[in-house]
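Thanks for coming. I'll go through one structure today, beginning with the ligand and then turning to the sheet.

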Amino acid sequence: MQLLKDRIRKDGIVREGGVLKVDSFLNHQMDIELFEEIGKEFRRRFEGEEINKILTIEASGIGIACIVAQYFHVPVVFVKKTKTKNIAGDVYTSRVESYTHGRVYDIIVSKDFLGPEDKVLLIDDFLANGCALLGLIDIVKKSGATLEGAGIVIEKGFQTGGKQIRDMGIRLESLAIVESMDEESGEIVFRDDKV
Ligand code: 5GP
């Protein structure tokens, strides 16, 4: 998605350790007009799929998922992160290792809002090692819902998550795939820049 790649090049900041900061437009301050274009692009890519629910993970997935959902006309459910060991009630749970925060947490979603009748599109801002997305995939599996695919705004192609998830046979659509980043020069190379 050219508009997104241009914006990443303009406003993205390359930090040490392969971290890309995009908090001026994506996951702190949010550019809603850009989100609308992201929503339209996911709608176009998943055209014809019978999606009746969007599933994301708090916190930065929620804003994007809400705008995307307006183009699918379906509700958004967000998985909650919790530190509580004893999770009570009727919930599906999984475990996620956070790349950016360097810790492990449990994720939960109520059984009231996800079940075998659902056809789910996963939405998240970043895909790096894939832990967050694998947690969401596990939750979908546990709920008996059908996974129609996953839509990611920025995939870091130099990390392993994208390959792992595509190898599982899951349809993964990433709007911008960063192939490499240079923290000295700030240069960012996208996957399809090379072809
Ligand atoms: P993963 O679980 O795929 O390793 O990482 C996914 C999550 O980590 C995303 O939801 C995002 O919050 C965060 N993340 C991973 N890499 C980056 C990055 O380079 N920049 C930012 N801003 N967040 C990242």
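Three elements, β2 (19-21), β7 (119-127) and α4 (131-143), each supply at least two residues of the shell around the ligand. Helices (H or I, at least four residues) and strands (E, at least two) are DSSP runs, numbered from the N terminus. This is a predicted model, where local features need pLDDT of at least 70 and side-chain atom pairs count only at pLDDT 80 or more, while totals for chains, interfaces and linings use all residues. Residues are numbered from 1 along each chain as its sequence is written, and side-chain values use heavy atoms, with hydrogens and water left out.

Which element gives the most to the shell around the ligand? That is β7, with four residues. In total, 16 residues surround the ligand, where near means that a heavy atom of the residue lies within 4 Å. Among the closest are L20 and K156.

Now the backbone. A backbone N or O atom of N129 lies 2.8 Å from an oxygen atom of the ligand, and for C131 the corresponding distance is 3.1 Å. Polar contacts are pairs of N or O atoms within 3.5 Å; within protein, one must be able to donate a hydrogen and the other to accept it, and residues adjacent in sequence count only if both atoms are side-chain atoms.

Next, the sheet. Eight strands form an open sheet in the order β5-β6-β4-β3-β7-β8-β9-β10, with mixed pairing; two strands pair if DSSP finds at least two bridges between them. β5 (91-97) and β10 (188-190) are the edge strands, each pairing on one side only. β5 pairs with β6 (residues 104-110) in the antiparallel sense over seven bridges.
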